[in-house]
Amino acid sequence: MAVNYSAKEEADGHPSGGVGVPGGGAVGSGGGGGAVKTRKPDNTAFKQQRLPAWQPILTAGTVLPAFFIIGLIFIPIGIGIFVTSNNIREYEIDYTGTEPSSPCNKCLNVSWDSTPPCTCTINFTLEHAFESNVFMYYGLSNFYQNHRRYVKSRDDSQLNGDNSSLLNPSKECEPYRTNEDKPIAPCGAIANSMFNDTLELYRIDNDTRTPITLIKKGIAWWTDKNVKFRNPTGDGNNLTALFQGTTKPVNWPKPVYMLDSEPDNNGFINEDFIVWMRTAALPTFRKLYRLIERKNNLQPTLQAGNYSLDIAYNYPVHSFDGRKRMILSTISWMGGKNPFLGIAYITVGSICFFLGVVLLIIHHKYGNRNTSADIPN
Amino acid sequence: TAVNIGYSCKMLTDDMTEVFVVTGHTVLEVREELRKAREKMMDASRSVGNGFSSKEKLSSSKLTSVLEAIAGEYALVINGHSLAHALEADMEVEFLETACACKAVICCRVTPLQKAQVVELVKKYKKGVTLAIGDGANDVNMIKTAHIGVGISGQEGIQAVLASDYSFSQFKFLQRLLLVHGRWSYLRMCKFLCYFFYKNFAFTMVHFWFGFFCGFSAQTVYDQYFITLYNIVYTSLPVLAMGVFDQDVPEQRSMEYPKLYEPGQLNLLFNKREFFICIAQGIYTSVLMFFIPYGVFADATRDDGAQLADYQSFAVTVATSLVIVVSVQIGLDTGFWTAINHFFIWGSLAAYFAILFTMHSDGLFRMFPNQFRFVGNAQNTLAQPTVWLTIALTTVVCIMPVVAFRFLKLDLKPELSDTVRYTQLVRKKQKTQHRCVRRTGRVGSRRSGYAFSHQEGFGELIMSGKNMRLSSLALSSFASRPSTSWIETLWKKKGSEGSGAGSPSGTADKTLKV
């Protein structure tokens, strides 16, 4: 295609001798006629714009093979992704309860602080078994975690365990900064709207309900849990004492140091809390809730059959037309079920290939054969 | 004297149809002489074209169109006295039209003020850019009046130099100034502008699309620091290098083919149409830049099941694909890759990733938790194959149409500069193949071969036994038939300079080597 081009080689055809070429850098001070002080610009390659350079040209020999190669690479990748995505098992249940026939309809207009919490149970059937690890997500729709005022409503130094920020949260958290003159820990609208439904899964086997073990550790990013979120430091491990002087967020049923009984999942480093604080990019999103690990290689993690989902419906979404759902999914090297990427690759690959063919035809029939005879001079 | 000098520097040639001399001392005489000149020119064209009734008084716009279509070459010589009359308000348009119909106009014995007035006249009525070149203090007025003033530093001191936009030491460098540096400058400026609008539209319009999905709350798609550094650090240096070093054809070819100068005169490289194309490309890129990650992230998770569709990962993905796409685009736009271009383009990409990982590192977060909120993001997000597949897809979809369009344009309707570039490339290849075999022949022989082989006009000239070496002005006048105003202005100035300075030594330099 392109050849290394050196401007110096052209100079051998140039007929002029001394005066013409160095003074060719004509812009700027002119070369003086005086012998004592000459203002001639330097005759270096940089200043005379003679730097050696590569000059690529889009010829048919480079463009057409490029299109074909890209087409031939993208289509198999797309097929691979699509097949992988199709092999992922996913099951989704919308449990908002807006339809009167839904078991959760009675909880639809529940308030956030009702005690005892409203519960409902949804029975469902899995057609196929779920092999390997199964991940349980909760999903929300029409919930704008990416709103600008919402996104900035947090105090990262407080969440990192800084003691001064604990008692004096940042102004960004307004209006969720203080409650009854006591600082809120954790402050801000994001923490305040934390998702607090409880979901439990049971297998139904001839009228016996076996609970399925749900693991609540390992759902957050490692850097989040170990670097970004830290409990406040002090003497002793008693979190209640460390959070002395603060109050719980307005819409929480329990304060932050009572989120879990285990000390390494309590306080700011509670993994459900961390997952919620990582705000979603789009109004319809899903967040990891629990893991279901496979027990041994012989049995699938979730066999095909009947299951029931017990929900403690604490989180009201009906007021803003939101929807809630529970998703069970397996995972592959590219994450969850995502047909978009596979289809996009196949489409783009085929378009590239087709474009390559079209360009080849056009070039063959109408393309100019560039010759020096075309230059009008 | 002026006429003799005109002949010796080949502004006037023997095969011009007529040379009009205007030497009237009163207004009426000058008017009469101008009218006679016009009639003679129109008569000649009428005998070639269709018939008109001869004594019509034509309005000025019809006059222009008729005069532009005259056949034959004319020249006008006017002295200072007559010029004073000709430049009066009621006659100046007539004078201008008559003069512009001529191939060459020589004004002799003019005062500095008149020089400036002539330039002023041309500026006012003609749509074009004027250039004035002079070397003495008497030329300062004219240099300042014209759009572009060129001063010659030398015999007559540096007055002209101080007043000018450009200055050099010899008249012959004017050719290089225009054909090489002027052309390159125009090309670089247009490419630079186009790219700048494109990259900023691609960058900013993503927020417009994101607005539909964030409740129109003006939430930025990118990290704050990315927004600050995008225009300064990540994308400024490559386009700067292109704006400084870009060359479409080497300088020797620029001098050989003056017709390459035409796109600058016709404003072809950056006009309303080109601007809208740039903008459209920017908007198209922004659509893909947002909606492809949107489609992927709608249901995406990491390969360990944890969350991937969070705001910060989305920001990193879109930002990375944006930087890569605009870098590939500047790579496509740069036609002349010097070492500096390479360094700036790859260096900017490397700097982006270096800064990204630094700002998302633990160390900076520990020092300023509220400033560097994106801790851990780059490591986590850019380790996901899904993210890189998204970035690759976005890049390909944004760049492929551009490549296809440019290839089609090069293939079906190449500009002169493309053809010259291509032949340059072919010649380079042949040269490297035949290097050992070829003996260097006579130095000038190749050039004269090119200059003569395609124009029949030169055959007569050679046969007539005149000077074998033609001035480049005559050459360029043959090459670009529709009369270009800069040539006439140049000739006018050269003529006035030639008569004003009165030194015949300058003429030796004017027979430029081809």
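The points below concern the domains and a strand of chain A, then a residue of chain B.

1. The model is predicted, and the points that follow should be read with that in mind.

2. Chain A is split into two parts in the domain assignment: domain 1 covers 61-88 + 336-367, and domain 2 covers 93-331. Between the C-alpha centres of domain 1 of chain A and domain 2 of chain A the distance is 41 Å.

3. Strand 11 of chain A spans residues 305-313. Of its 9 residues, 8 are buried, so the strand is mostly covered.

4. Which strand is joined to strand 11 of chain A by 9 bridges? That is strand 4 of chain A, residues 118-126, and the two run antiparallel. Within this pairing, A:N123 is found opposite A:S308 of strand 11 of chain A.

5. Strand 8 of chain A, residues 198-205, is also joined to strand 11 of chain A, here by 7 bridges and again in an antiparallel arrangement. A:T198 has A:A312, in strand 11 of chain A, as its bridge partner.

6. In chain B, B:L229 sits in helix 10, which runs over residues 224-234. Leaving aside residues up to four places away in sequence, B:L229 touches B:Y234 and B:I355.

7. How many Å separate the C-alpha atoms of B:L229 and B:Y186? The separation is 28 Å, for two residues that are 43 residues apart along the chain.

Notes
Residues numbered from 1 in each chain as written. Chains lettered and ligands numbered in written order. Predicted model: local features only at pLDDT ≥ 70, side-chain atom pairs only at ≥ 80, totals over all residues. Heavy atoms only, no water. Domains from an automatic or database assignment. Helix = DSSP H or I, 4+ residues; strand = E, 2+ residues; numbered from the N terminus. Contact = heavy atoms within 4.5 Å. Buried < 20%, exposed > 50% of the residue type's maximum accessible area, 1.4 Å probe, protein only. Pairing = 2+ DSSP bridges.
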